Structure formats: structure tokens, C-alpha cells
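Me: I am new to this structure. Could you show me how to read its main features?

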Amino acid sequence: MSPISSIEVARARRSRRVLFVGNPTRYNDVSQWAMVRQWVALHGLEPIREFEGDVLCVIVTEDILDGRCSEKESATVQHARALGVPCISVHDTTLIWQVTARVRARMGRPQVGVSAGPHGGGA
């Protein structure tokens with residue numbers, strides 16, 4: 001395995017993609033899973049189910065954290081951790097908020113060189 005470059009880590013931290021791994025089975029897990037997915041989408045982040053490209057963080061079920069998961073799910077989490085991508089329990093909303101804060105803040109600011117108005121000029 002090759003060492004991870006700081007460029008790759010920086011790119012991942014700017015990503016808007018949030019990977020969801022697992023299939024919640026308990027009632028509390030199912031409702032929390034749906035709520036977190038909705039929150040992610042409402043805040044301009046992209047919820048995904050397959051590890052492709054840069055990923056900001058990985059949201060996992062309690063079963064996956066406890067090791068009760070498929071080989072594919074286990075390999076996905078191990079790959080994310082090897083890349084330095086945070087893997088967070090679906091119930092740890094404080095950590096999800098903290099990890100996504102920088103990206104959400106950047107999305108809320110106008111980009112330099114981009115016109116604020118729809119026509120790019122004055123009246």
C-alpha cells in the first residue's frame with residue numbers, strides 16, 4: 001500500500017460526498033439513519049453508497065462498528081480508515097457536525113471571482 005499524500009487528504013477534506021455504509025436493522029438505527037441522510041442532503045452534501053473518488057467522511061451503523069458486517073462493508077471501512085477518512089457512527093451527530101463544518105461553511109460563502117447577481121453586472 002502506498003503512503004497517502006497530503007494532497008489526497010486535503011482533497012478528501014474538501015469533498016462534499018458522505019459515504020453511508022451498512023443497513024440499519026434496529027428501529028432507532030433506521031430512523032436515525034434516515035434523519036442523518038436527510039440532514040446531509042439538506043446541507044448541500046452528497047450522500048453516496050459506493051466508495052468512489054474523494055469522500056469527506058463515512059457514516060456507519062452500530063453493527064459495522066461492532067464487526068457484524070459483510071466482507072465488503074468491512075473492506076470499505078478499512079479502506080476509508082487507511083486513507084484517513086473519518087468513520088463515524090450514525091448516532092454520533094456531534095462528530096458528524098464537526099467533520100462537515102468546514103465544507104458546509106465554505107459552501108455558504110460566495111466564491112472569489114463569482115458574481116453575486118444573476119447577470120454578472122450592474123443595472
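Reply: Start with contacts, meaning heavy atoms within 4.5 Å. Of the contacts in the protein chain with a separation of 6 or more, 77% join residues 24 or more positions apart. This is a predicted model, where local features need pLDDT of at least 70, side-chain atom pairs count only at pLDDT 80 or more, and totals for chains, interfaces and linings use all residues. Residues are numbered from 1 along each chain as its sequence is written, and side-chain values use heavy atoms, with hydrogens and water left out.

Me: What pattern does the protein chain follow along the sequence?

Reply: Helices (H or I, at least four residues) and strands (E, at least two) are DSSP runs, numbered from the N terminus. Here there are 5 helices and 4 strands. Their order is α-β-α-β-β-α-α-β-α.

Me: How many of the residues are buried?

Reply: Buried means under 20% relative accessible area, exposed over 50%, partly exposed in between (1.4 Å probe, protein chains only). Of the 123 residues in the protein chain, 30% are buried.

Me: Which residues touch the most other members of the largest nonpolar core?

Reply: Nonpolar side chains tend to be buried together in soluble globular proteins. A nonpolar core is a set of buried Ala, Val, Leu, Ile, Met, Phe, Trp, Tyr and Cys residues joined through side-chain atoms within 4.5 Å. The largest one has 13 residues; Val18, Phe20, Val36, Val40, Leu45 and Ile59 touch the most other members. Strand 1 (17-21), helix 2 (27-42), strand 3 (57-60) and helix 5 (93-108) each give two or more residues to this core. Helix 2 gives the largest share, 3 residues.

Me: What is Val40 in contact with?

Reply: Leave aside its neighbours within four places in sequence. Val40 then contacts Val18, Phe20, Leu45, Glu46 and Pro47. Another core, of 11 residues, lies apart from the largest one, and includes Leu19, Val21, Val60 and Cys87.
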